[in-house]
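I opened the notebook to look up a few things in this structure, going from the whole chain down to single residues. My entries are set down in the order in which I looked.

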Amino acid sequence: MLDEELLRFGQRFHGHKCPAMPMGLRAALAAMEKLGVSRAPDGQLVALIEIDEDHCATCFADGVQVATGCTLGKGNIRKLHFGKWGLTLVDRRNGKAVRVVPRTEVMRRNKQSKFMELRASGVPASQVPDAVVDPLVEMVVNMPETDLLVVGEVYDHAWKDAPHTFETVACEACGEMVVTRNARLLDGRVVCIPCSGYGR
Ligand SMILES: [Zn+2]
Ligand SMILES: [Zn+2]
């Protein structure tokens with residue numbers, strides 16, 4: 001399950017020690033186990049995460065990326081912007097999915113910790129003393145799954161793959177490459193969005 005090596009890899013990728021990243025690891029591992037899948041070398045899995053921008057514990061997403069192989073670069077992780085910590089993992093090959101969410105009591109315990117108190121007062125996570133953060137990490141790593149997470153039942157998730165485009169063109173204003181469907185027409189020239197002056 002969550003072995004030391006995966007935790008260390010996650011922490012190295014993520015940049016600091018905190019309870020939310022390992023929570024993402026645990027949620028991801030539970031979802032993968034429930035679906036009977038392993039880490040995605042390509043785009044076999046899709047992770048839908050319910051976090052939004054600019055709020056606490058978004059570090060959760062990095063644990064999900066590390067454990068599932070659903071990454072920003074591969075494009076198989078999406079934010080749903082609910083401001084919640086649910087993870088829905090979809091197996092593209094058979095359309096099966098499962099939703100996993102950290103238990104409210106555990107989230108509340110983290111929230112009431114000295115770690116969150118320091119974070120809320122502006123202390124960067126990397127500056128929080130080990131004595132404060134280590135017990136929280138240990139708790140998330142070692143807590144029995146049923147105490148930590150709510151793992152839903154596997155269900156059929158309607159999933160349509162968007163066509164993956166390989167078409168690119170050079171912007172006629174700045175000369176940089178742009179995906180063709182993202183290019184805009186401005187006075188008869190094919191330009192990128194920043195050069196077009198259009199919002200999107
Ligand atoms: Zn973090
Ligand atoms: Zn341009």
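Entry on the whole chain. I am working with a predicted model, and I first noted that the protein chain has 8 helices and 10 strands, its C-alpha trace spanning about 60 × 45 × 30 Å along the principal axes. I then looked up burial and found that buried residues account for 32% of the 200 residues in the protein chain. Of the contacts between residues at least 6 apart in sequence, I noted that 64% join residues at least 24 apart.

Entry on domains. I found the protein chain divided into domain 1 (4-156) and domain 2 (165-200), with 36 Å between the C-alpha centres of domain 1 and domain 2.

Entry on H2. Helix H2, residues 20-35, has 16 residues and reaches 23 Å from its first C-alpha to its last, which is close to the 22 Å expected at 1.5 Å a residue. I recorded H2 as mostly covered, since 13 of its 16 residues are buried, and just after H2 I found Gly36 with a positive phi of about 70°.

Entry on Glu176. I located Glu176 in the loop between strand E7 (168-170) and strand E8 (177-179). Is Glu176 buried or exposed? Glu176 counts as exposed because it has 10 C-beta neighbours inside 10 Å, and the cut-off for exposed is 12 or fewer. Leaving aside neighbours within four places in sequence, I found Glu176 in contact with Cys171 and Cys192. Lastly I looked up Glu176 against Leu25, 151 residues apart along the chain, and their C-alpha atoms are separated by 37 Å.

Definitions and conventions
Residues are numbered from 1 along each chain as its sequence is written. Chains are lettered from A and ligands numbered from 1 in the order in which they are written. This is a predicted model: local features need pLDDT of at least 70, side-chain atom pairs count only at pLDDT 80 or more; totals for chains, interfaces and linings use all residues. Helices (H or I, at least four residues) and strands (E, at least two) are DSSP runs, numbered from the N terminus. The expected span of a helix is 1.5 Å times one less than its number of residues. A residue is buried if 20 or more other C-beta atoms lie within 10 Å of its own, exposed if 12 or fewer, and partly exposed in between; C-beta atoms are placed from the backbone. Domain bounds come from an automatic or database domain assignment. Two residues are in contact if their C-beta atoms, placed from the backbone, lie within 7 Å.
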